[in-house]
Amino acid sequence: MSVHKMLAALAGGVALTALLSVGGAGTAQAQGVACPVKIGGILPLTGSMAPITKKIAESAQLAVEHINAGGGVKGCPVQLVLRDDQGQPTVGVDAAKYLVEVERVPAITGTISSGVTGPIIASVTAPSRVVQISCCSTASAFTLDGRSQGYFFRTLPTSKTQAFATASEIAKRGLKKTAIIYVNTDFGIDMTRFVKEALPKLGGEITAEVAYNDNQPSYRAEVQRALAARPESLLLIGFPKDAVTIVREWLSLGGSPKIALNNSMRVKDFVDGVGARFLNEAFGMDNAQVQGPTVDAFNQAFLAKFGYDSQGPGVHTQYDAVMAIGLAMNIAKDLTGPSIKDAVRQIHAAGGATVGTGPDEFRKAVGLIREGKAIKYHGATGPLEFDANGDVTGPALVWKITNGEILVDYTISIEEMQALFKKVEG
Amino acid sequence: MIGLVSYLVFFLCIVLILGVITLGLNLQWGSTGLFNAGIVGFYAIGAYTHAIVTAAPKAGMIANMGLPWIAGVVAAMAATALVAWIVGLATIRLRGDYLAVATFGIATTIQLLTHNLEPLTGGSHGFSGIPRPLFDVLGSPFAFNLFYLGLLACVVALVYWALERMVRSPWGRVLRAIREDETAAVALGKSATRFRLEAFVVGSTLMGLAGALYVSFIGFVSPFDFVPILTFQIWAMVIIGGSGNNRGALLGALVVWTIWAATGIAVTKFVPVAYAAQGGAVQVILIGLLLVLALLFRPRGLIGEAAQVSRHAEKG
């Protein structure tokens, strides 16, 4: 093949992509907005995440249906342009760039893997000032280090919720000096960082932070380092198998029986492994299931539409991600990224009228927004309020161990968690 | 319209970055017959070296240097060359699929290292804040992408020119001799191991270069960028384009990446909205179908290897 042929092929490839890119620019006008209003969606529909993504994608479609049945955005129907990222960063970035540049979407929902969400924020949504709301990416750096310039939000609680609840409970029990032993993974590191941020502000002190690597036969060295400053209590963040070894060594070396544990230890194997009689002063934290009428309404709507229940990771948070975009687009003065970004913060305004899930509630919200009134969205994950970083919080629960039984001590509601966040973060 | 142009510029940037990798693999496989299944490993070394060398120091990252872009590119190539040389010393005597298994294992090891060397690489949280050359000066993302496309075009042209010179030189002819009949080449007094190692190191260095070009384009890198599927995409590009031909390697990068992007766009255009959740599966089927068709109709690739490599040989 000659150079000419190759150039022809090159031109052909580019032309093919271009041709596919153009078609279907629907044009009808309503309130100065081109109909339909497009929202971008990026999810790993194929690849290793595919089994859980199916329900998540359906949840996004359900939200779009509800938005359209409830009056759409500024009088226009909404269209979700959904692309597959295949769990691969380059594919996801290409899809995002296409959605932003060719489809001209001002907001994107997605995606699941943090390794795909990260490059999309860095190279597409933040530089192009497009709002991105993820149902499922947890890496704390996205919202913390300021690179998203405020354009990235997520609707699932990060490990911060559990960490702040832990710090609050330690302080509440009057334990002034605490040593932390944590597993050396991003979960353990994040948890430790957030506890460290919260505990001093709530009246506690951290005497030692010791990381451990999993699957070791003994953790005496780590335990001794944690014990050196004579703490009143231990916070252990890790997984049950190694935690059994650590707690036994901690107690045998004279450590306090007042031990705080993370959610992974809320299992019988852990209690039996250590011995129930040593754990009567231990307590732990977990994320709690959100309850409420707006959650039930979503669950019923999902069941009615698809014929199976909405249980599964990301399903509820994805619905809220799309609804948040729909509401924010109605609130925003125009459909540009910066306006929508500011509007996302107004979907849960103080003193606003409560609106919930489903088409009727969306219609109610649109009516209130037209009248210039504030709204307070309660979604499939309960009250949806983004903090300064674009993160949400969730309810938590405190559990205790009494004679070998793992019991729920009490629940920290989402409103109490939001108050706690404000107390810690100011 | 400006949106479409902007997308195509971005798209071509990715194609050219992938093209640098396919050129590297083409030297290894197309010219020398080395079955390198560890492409992502070398790509990752280049990417992370560049990130560490150019990113500004910040809390929690122990090695960030904040040096200029060009220093990052040079360091990325040097580091990849060094790693490839060490890997090559240990594995280059392995034949065919044995080399594939060994390099695949090494790539997986490198990916796991990037996952776990958190103070160096940011671990699974990813490495953010990698500077993009002149991004702030140019102002808009479009201006930057256009500038970067120009930069990439120059780099690819340079690499292409250099490789063309190399494979047409006596050195290049020895590589082909080894690929066709190693025993014969050795009988003529050539050290097969040395030539294989040289080709391996040069090819891998180009993969490292591509890694540096990729991270300074995107501005973010994480271990998820280096999953094994990328290795096989690159292989598909070289085979579809025509292995043993540098133009074929570049064309393969364009064609295969176009297939990937165009099928994704086609699915959003033609699959009814109600079935959008199944669109991903349709896209994967289309990709597979197009790759198979390409090989059925052009088994030697779109542009096969030229029949002769020396201008001294008789035209035939």
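1. The largest pocket of this predicted model has a volume of about 990 Å³. Its lining is made up of 43 residues. Those nearest the centre of the pocket are A:T138, A:L156, A:P157, A:N287 and A:T317.

2. By class, the lining of the largest pocket divides into 21 nonpolar, 20 polar and 2 charged residues. Three helices of chain A, namely α6 (159–172), α7 (186–202) and α12 (315–331), each supply at least two residues of this lining. In terms of domains, at least three lining residues come from domain 1 (28–156 + 314–370) of chain A, and at least three from domain 2 (159–289 + 395–425) of chain A.

3. The second largest pocket has a volume of about 710 Å³. It is lined by 24 residues, and the closest to its centre are A:I189, A:R193, B:E118, B:G122 and B:H125. When looking at the structure, note that this list names residues from chain A and from chain B.

4. Which elements give two or more residues to the lining of the second largest pocket? From chain A they are α5 (141–144) and α7; from chain B they are α4 (96–116), α5 (118–121) and β1 (127–128). Of these, α7(A) gives the most, with 3 residues. The helix α7 of chain A also supplies at least two residues to the lining of the largest pocket.

5. The lining of the second largest pocket has 8 nonpolar, 11 polar and 5 charged residues. Why does this pocket lie between domain 1 and domain 2 of chain A? Both domains give residues to its lining, so the pocket lies between them.

6. Chain A has an open sheet of 3 strands in the order β13-β14-β15, with mixed pairing. Its edge strands are β13 (353–355) and β15 (382–383), each of which pairs on one side only. The strands β13(A) and β14(A), the latter covering residues 375–379, run parallel and are joined by 3 bridges.

7. Over all chains, the structure holds 24 aromatic pairs. One of them is B:Y48 with B:F226, a tilted pair at 5.9 Å centre to centre and 50 degrees between the planes. The two residues are 178 residues apart, and the pair links distant parts of the chain. B:Y48 is in helix α2 (residues 39–54) of chain B, while B:F226 is in the loop between β2 (220–221) and α11 (229–241) of chain B.

8. Are B:Y48 and B:F226 buried or exposed? The cut-off for buried is under 20% relative accessible area. B:Y48 has a relative accessible area of 4%, so B:Y48 is buried. B:F226 has 2% relative accessibility and therefore counts as buried too.

9. B:F144 and B:Y148 also form a tilted aromatic pair, at 5.4 Å centre to centre and 40 degrees between the planes. Both residues lie in helix α7 (residues 141–168) of chain B. They are 4 residues apart, which is about one turn of the helix. B:F144 and B:Y148 are both buried.

10. In chain A, one aromatic cluster is formed by A:F298, A:F302, A:F306, A:Y308 and A:Y319.

How values were computed
Residues numbered from 1 in each chain as written. Chains lettered and ligands numbered in written order. Predicted model: local features only at pLDDT ≥ 70, side-chain atom pairs only at ≥ 80, totals over all residues. Heavy atoms only, no water. Pairing = 2+ DSSP bridges. 1 Å grid on protein atoms, 1.4 Å probe; cavity = no way out; pocket = protein on both sides within 12 Å on 5 of 7 lines; lining within 4 Å. Points joined across faces, edges and corners; volume = space filled by probe spheres on them. Nonpolar A, V, L, I, M, F, W, Y, C, P; charged D, E, K, R; others polar. Domains from an automatic or database assignment. Phe/Tyr/Trp six-rings, centres within 6.5 Å; stacked < 30°, edge-to-face > 60°. Buried < 20%, exposed > 50% of the residue type's maximum accessible area, 1.4 Å probe, protein only.
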